[in-house]
Amino acid sequence: MTRALAIEIAVQDPTGVRIAGTVGAARVELAQALALGGLTPSPATLDLSIDAARAVGVEVHVLVRPRAGGFVYSADEIAVAEADVRRAIEAGAHGVVIGALDDEGQLDIPAMRRLRDAAGGASVTLHRAIDVTADPVATLVAARSLGLRRVLTSGGASTAIEGVETLRALVAEAAGEIEIMAGSGVDASSAAALAATGVDALHFSAKRPVREDGGVRMGSASDGVGGYEVTDLEIAQGVIAALGA
């Protein structure tokens with residue numbers, strides 16, 4: 001490839017951070033509950049993951065999302081997010097990943113400014129809230145005007161490969177002034193095609209499910225104990241290999 005393509009892996013713990021380092025990722029997006037689209041990680045997860053990242057030489061960018069569901073937040077939720085942004089940067093994170101929309105489904109500029117300012121000059125990424133706005137290209141323009149570093153986007157589709165044409169339009173609009181990172185459903189079969197759109201980075205989770213069955217229901221979203229997801233080294237290596245082919 002003639003252009004450097006950054007790799008970001010979405011992880012949930014120090015183990016995932018170490019796997020990202022093993023495959024040569026530039027950075028991780030640290031979150032919890034990736035099955036819900038990702039939520040803000042716990043303070044202990046944050047601290048231990050930053051320690052692991054320092055040891056393997058990857059950047060940590062922390063997802064700050066106070067709850068599952070949509071991205072229109074109450075005043076209390078924005079206050080929580082603001083505090084989490086400050087906590088992440090104080091702990092040593094390289095940046096944060098944020099997103100807030102207004103009642104019309106457009107970028108909530110006052111909330112975004114507040115969260116951006118809480119990062120104190122650290123890198124700020126707009127997450128896939130962009131993909132549920134009516135016009136992702138217009139949302140990109142707004143993100144660029146806020147001075148954000150990058151956007152994580154699937155091109156307004158459920159998976160990045162389905163949004164490939166919008167991704168190309170976003171790359172053209174960005175004109176090198178804000179980074180475009182393709183994410184959602186990125187795997188070994190789609191990575192090369194997504195890289196060919198001209199995006200600056202690829203974002204993927206390389207996760208596999210771990211199922212635990214039990215007779216006692218533990219929550220409204222599960223049958224029995226339920227399961228969870230972990231970062232898988234072989235899956236991550238497969239995506240990297242596909243890019244080098």
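## Around S154

S154 touches R128, D131, T159, A160, G163, L167, G183 and S184, with residues up to four places away in sequence left out of the count, and contact here means heavy atoms within 4.5 Å. S154 is found in the loop between β6 and α6 (164–174), where helices (H or I, at least four residues) and strands (E, at least two) are DSSP runs, numbered from the N terminus. With a relative accessible area of 0%, S154 is buried, a term that stands for under 20% relative accessible area, whereas exposed stands for over 50% and partly exposed for what lies in between (1.4 Å probe, protein chains only). S154 and S123, 31 residues apart in sequence, are 20 Å apart in space, C-alpha to C-alpha.

This is a predicted model, in which local features need pLDDT of at least 70 and side-chain atom pairs count only at pLDDT 80 or more, while totals for chains, interfaces and linings use all residues. Residues are numbered from 1 along each chain as its sequence is written, and side-chain values use heavy atoms, with hydrogens and water left out.

## The chain as a whole

The secondary structure of the chain comes to eight helices and 10 strands. The radius of gyration of the chain, taken over C-alpha atoms, is 17 Å, close to the 18 Å that the globule rule gives for 245 residues, so the chain is as compact as a globular protein of that length; the globule rule is 2.2 Å times the number of residues to the power 0.38. Along the principal axes, the C-alpha atoms of the chain fill a box of roughly 50 × 50 × 35 Å.

Of the 245 residues in the chain, 48% are buried. Among contacts between residues at least 6 apart in sequence, 64% join residues at least 24 apart.

Two packed helices are described by the angle between their axes and the distance between the axes. Axes are lines fitted to C-alpha atoms, for helices over the stretch in contact, and angles run from 0 to 180 degrees between N-to-C directions. The axes of helix α1 (residues 14–22) and helix α2 (residues 43–56) come within 8 Å and cross at roughly 20 degrees, and α1 and α2 are therefore roughly parallel to each other, given that angles under 35 degrees count as roughly parallel, over 145 as roughly antiparallel, 65 to 115 as roughly perpendicular and the rest as oblique. By class, the contact of α1 with α2 has six nonpolar, two polar and one charged residues; Ala, Val, Leu, Ile, Met, Phe, Trp, Tyr, Cys and Pro count as nonpolar, Asp, Glu, Lys and Arg as charged, and the others, Gly among them, as polar. Within α1, the residues P14, G16, V17, I19 and A20 are buried, and just after α1, G24 takes a positive phi of about 85 degrees.

α2 also packs with helix α3 (residues 75–91), at an angle of about 35 degrees and with the axes 10 Å apart, in a crossing that is right-handed. Here P43, L46, D47, I50 and R54 in α2 meet R87, A88 and A91 in α3, and by class this contact has five nonpolar, no polar and three charged residues.

## Other buried positions

L152 lies in strand β6 (residues 150–153) and, at 4% relative accessibility, counts as buried. Leaving out residues up to four places away in sequence, L152 touches E29, T125, L126, H127, R128, I130, D131, M181, A182, G183 and H203. Y73, in the loop between β3 (59–63) and α3, is buried with a relative accessible area of 13%. Neighbours within four places in sequence aside, Y73 is in contact with R65, P66, R67, I78, G99, A100 and L101, and its C-alpha atom is separated by 8.0 Å from that of D102, 29 residues apart along the chain.

Most residues other than glycine have a negative phi. S184, although not a glycine, has a positive phi of about 105 degrees; S184 is found in the loop between β7 (179–183) and α7 (191–195) and counts as buried at 17% relative accessibility. A206, also not a glycine, has a positive phi of about 50 degrees; A206 has its place in the loop between β8 (201–204) and β9 (207–212), and at 7% relative accessibility A206 counts as buried.

Methods
A crossing is left-handed if the near helix is turned anticlockwise from the far one by less than a right angle, and right-handed if clockwise.
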